[in-house]
Amino acid sequence: MHLLGPSLLLLEYLAFSDSSDWNFEHPGTLYSWEGACIWIPCRYTIPGGRSMLENMTLYHNYQYDKTHKRFNGTILYEAVKAGEILPQHDRIRFLGDKRSNCTIHIYPVSVKESGGLGLRMTTKNDKWMEKINLNISSLHVEAITNVGWSAKPRKAWGPKPMKFIWDGGAISKMFREQTSGMGNELPPEIHESQEVTLTCSLNFSCPGYQIQLKWSLEEPAVTSTLLNTKTVSTQSKLTFQPQWTHHGKNLSCQLWDHEDKQILSEETVGLDVKHVPKLKIEASPRGANVTEGESVTMTCQVLSSNPGYRNIAWLKDRIPLREQETLTLTLPSVTKEMSGKYRCEASNEIGLGWSEEVVLQVYHAPEPSRVEILSSPVKEGDKVEMTCVSLANPPPTNYTWHHNNITMPGRTSKTFQIPAVLLSHAGHYSCSAENRLGPGQVGQEATLDVQYPPKEVTTMIQNPTPIREGDSVTLSCNYNSSNPRVTRYEWNFQGVWKNPLREVLIIEKVRWDASPVSCAACNQWCSWAPSVNLDVQHAPRDVRVQQISTPSEIHSGHRVLLRCNFSSSRPRDVRFFWQKNGIFLKEGQELSFDAISPEDAGNYNCLVNNSIGQTTSEGRILQVLCEWLELETDRRKGRGPPTWILISLLLIDAPRRLRVSISPKDKVIEGKKVVLTCEGDANPPIYRYTWFDQNNQNLQHYDQMLRLDPVKVQQTGAYWCQAINQLGTGRSPPSTLTVYYGPETIGRQVAIGVGFCLAALLLAFWGVKLQKIWKRLRSQQGVQENSSGQSFFVRNKKVRRAPLSEDPHSLGCYNPVMEDAISYATLRFPVGDADAPGTGDAGTPETEGPSLDRDGTVTYSVVQKPRVGDYENVVSESPEDEGIHYSELVHLGIGERPLARESVEYVTLKH
């Protein structure tokens with residue numbers, strides 16, 4: 001009995017399930033409505049994986065008969081053999097296969113088929129019953145739903161499986177869910193102009209059956225479908241930016257049957273759009289246009305606010321008006337200063353809102369006018385436009401213009417145009433304006449500055465005498481007037497000059513063929529002067545010897561004519577001279593030979609001179625052919641034609657006219673490259689060059705060119721060269737090369753000089769200090785040496801006496817030993833036989849006449865030394881008063897002792 005119960009339960013389970021290894025995938029519940037279709041996506045797995053499906057039966061509301069161990073119910077579809085479909089089941093199609101797909105399509109579907117479907121599947125060895133739930137709605141079933149957001153209940157017909165999903169960014173809320181166990185949820189809070197997405201979802205999708213989801217809001221929406229074993233749905237997503245005008249309105253999603261053109265279902269939700277206060281100003285009088293002195297009233301209307309507003313404020317030109325916090329703003333007596341843009345503001349928890357601006361126009365007469373010139377200063381000839389500016393309301397209708405305080409008739413418009421301004425138009429301009437309320441006053445004037453290029457520009461030659469080739473020429477650029485002032489000058493000249501941007505041009509070493517010169521005076525524009533011809537006076541140029549009407553070969557006896565020509569000469573009055581081999585022949589432009597002979601062969605030059613100078617042509621060599629007598633005799637004998645011999649006189653000489661040329665120039669900065677070239681004439685050619693410096697020292701360089709790269713300051717000086725050919729030696733005059741220090745060298749030398757100066761000052765300071773110390777030591781040593789091995793003490797008599805008088809026998813000097821006081825010393829020389837007696841410095845009497853036995857001298861010393869003791873060379877323990885102490889030291893020798901002085905105590909110490 002104990003085993004019978006479990007065995008029956010096991011048999012019952014096996015009869016119902018047959019096997020536990022079958023696996024099905026399909027939606028839990030599928031939704032549709034009367035007359036539509038239903039698509040059941042389904043997949044299965046047979047146990048073992050090798051068997052194939054043999055039979056498939058689709059039941060509706062099936063039950064298991066435990067007595068007969070089988071399933072009973074309405075059979076909607078049955079396939080006894082795989083692939084065989086009964087004719088009465090054409091609206092139900094099995095779209096699967098024998099191994100894994102069990103998809104079923106039913107069209108049309110009826111409400112009666114709501115409930116459970118049983119899918120009975122068998123193989124050779126196994127069988128399985130799979131349950132599928134259907135929810136079929138009727139088109140005439142009334143449903144009243146409330147989906148929140150203060151939406152009023154509405155009637156909805158048709159299918160129930162619709163829902164709203166609100167997507168406000170990362171938040172999704174479900175408005176309505178038709179499935180069992182799910183309730184309505186309120187949407188998130190939305191704000192004005194914040195983009196949101198609303199999804200209308202229908203748990204239905206059937207291929208081949210068209211439906212359409214429409215929104216009550218005219219915004220583009222995107223519709224998509226999902227059809228798989230987990231989800232069957234159709235969705236429409238609406239993305240829009242809610243405005244404050246959407247607040248309180250309903251938004252609905254409608255399901256339309258595309259075939260019948262009718263609404264099958266509809267869901268509605270009320271919109272709660274949070275926004276700042278929306279305001280509007282009403283002005284009285286309308287338009288806010290008043291005359292100065294009248295009153296104006298403005299009322300701020302709150303059109304909408306969610307949540308409600310809290311504060312009210314008024315602003316003029318975006319500046320808050322104090323003590324104006326009510327909905328009404330009253331201006332009792334307006335002035336023109338009150339003109340402007342007014343608006344009101346209010347705030348709530350969302351933020352600050354404001355109204356559109358209302359322009360308050362206060363009519364008044366024109367204010368004092370001012371003139372604006374669009375482009376000033378202006379160039380002469382350009383277009384000028386001036387504008388009269390005056391604040392007035394209404395705008396001025398008439399204007400009056402003044403030029404230099406003179407009224408200009410016919411000028412009544414706001415702008416004053418001058419197509420081509422002249423200098424006479426320059427000056428001060430003013431204007432006045434007038435409107436229907438009256439005329440205004442003349443205000444600030446404007447100055448029209450007419451500018452022009454320099455006028456009457458001329459180029460003047462400043463040289464007092466005619467200009468010669470190589471002279472320095474000074475030219476000045478002059479003009480009559482200019483506005484603005486001239487700031488620079490330009491010169492048109494090909495050559496070397498100084499200060500090309502100044503009014504004076506200095507041409508150094510003017511060329512004989514100098515081109516005409518012109519200048520330009522420039523401010524913002526440049527005016528060029530007519531060109532000036534320098535008319536440079538020069539010696540004849542390009543002098544040459546021309547052979548006139550002469551065959552290519554000159555034979556003895558021919559007529560030969562030579563003519564001397566030149567290309568240019570200033571002045572034109574010239575004289576011609578001829579030379580043969582450097583020897584003067586004659587004067588004249590032509591040199592003729594009626595019958596030339598071999599003796600006439602040679603090198604011919606012509607010379608042309610004027611008042612400026614003389615120019616010599618290059619040599620013209622005449623070669624004369626003559627006939628040998630012996631050959632002539634042979635000709636007469638019939639041995640051949642006559643034979644001619646060429647006789648020519650060539651000028652041969654040692655090197656001459658040597659000179660040193662310096663490239664690029666003879667004054668350079670160190671570090672550059674300089675090339676010195678030895679140039680000259682020689683026949684035969686020069687075969688050796690030698691270079692020397694200004695000290696005639698051979699530079700051991702034997703080429704024609706001497707290269708200094710880089711050149712140094714130490715190489716400044718004169719250089720000359722020596723040239724040698726087979727006939728002799730030539731020497732050039734010296735040419736001077738000047739090399740300047742570069743900026744780096746100058747800076748380095750300045751730094752070294754400053755360092756030397758500082759060192760010298762420091763040495764001088766210590767030298768003076770050491771010299772003082774040395775003098776002090778020498779003085780101390782001298783005092784010790786003069787003591788002669790004797791010691792003495794002089795008792796000071798502290799008596800102040802007048803300074804000792806000086807006489808021609810006295811000599812004073814500074815005692816460096818006593819540095820802390822002022823010391824005086826007086827040396828009195830002994831009186832000789834010829835000396836007259838006199839009074840001593842201290843006023844003590846002296847013996848008349850010389851003493852025969854005295855061999856010494858008398859020395860007086862006057863010492864001023866503060867804080868000394870009783871004896872000058874003994875330091876006192878107690879300080880004494882400062883004063884002047886006089887002491888007298890008598891060097892006692894053989895002879896009569898001088899009289900003792902009362903003011904001196906003498907102490908004698910014998911060794």
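Predicted model: local features only at pLDDT ≥ 70, side-chain atom pairs only at ≥ 80, totals over all residues.

Q: How many disulfides does the count come to?
A: The count comes to nine disulfides. Among them is the one that joins Cys 42 to Cys 102, S to S 1.7 Å.

Q: Which parts does that pair tie together?
A: Cys 42 sits in the loop between strands S3 and S4, and Cys 102 in the loop between S7 and S8, so the link ties together parts 60 residues apart in sequence.

Q: Is Cys 42 buried or exposed?
A: Buried, with a relative accessible area of 1%. Cys 102 is buried too, at 0%.

Q: And what about Cys 388 and Cys 431, which hand is that disulfide?
A: The torsion about its S-S bond is about 90 degrees, so the Cys 388 and Cys 431 disulfide is right-handed. For Cys 200 and Cys 253 the torsion is about -90 degrees, so that disulfide is left-handed.

Q: In what sense do S32 and S40 pair?
A: Parallel, over two bridges. Val 378 has Val 450 in S40 as its bridge partner.

Q: Last one: which residues make the nonpolar surface patch of about 580 Å²?
A: Tyr 741, Ile 746, Val 750, Val 754, Leu 758 and Leu 761. Val 750 is found in helix H3, residues 743-786.

Methods:
Residues numbered from 1 in each chain as written. Heavy atoms only, no water. Patch = residues over 30% accessible without salt bridge, like charges linked within 9 Å, V, L, I, M, F, W, Y side chains within 5 Å. Areas by Shrake-Rupley, 256 points an atom, 1.4 Å probe, with all protein chains shown as cover. Salt bridge = Lys/Arg side-chain N within 4 Å of Asp/Glu carboxyl O. Helix = DSSP H or I, 4+ residues; strand = E, 2+ residues; numbered from the N terminus. Pairing = 2+ DSSP bridges. Disulfide = S-S within 2.5 Å. Buried < 20%, exposed > 50% of the residue type's maximum accessible area, 1.4 Å probe, protein only.
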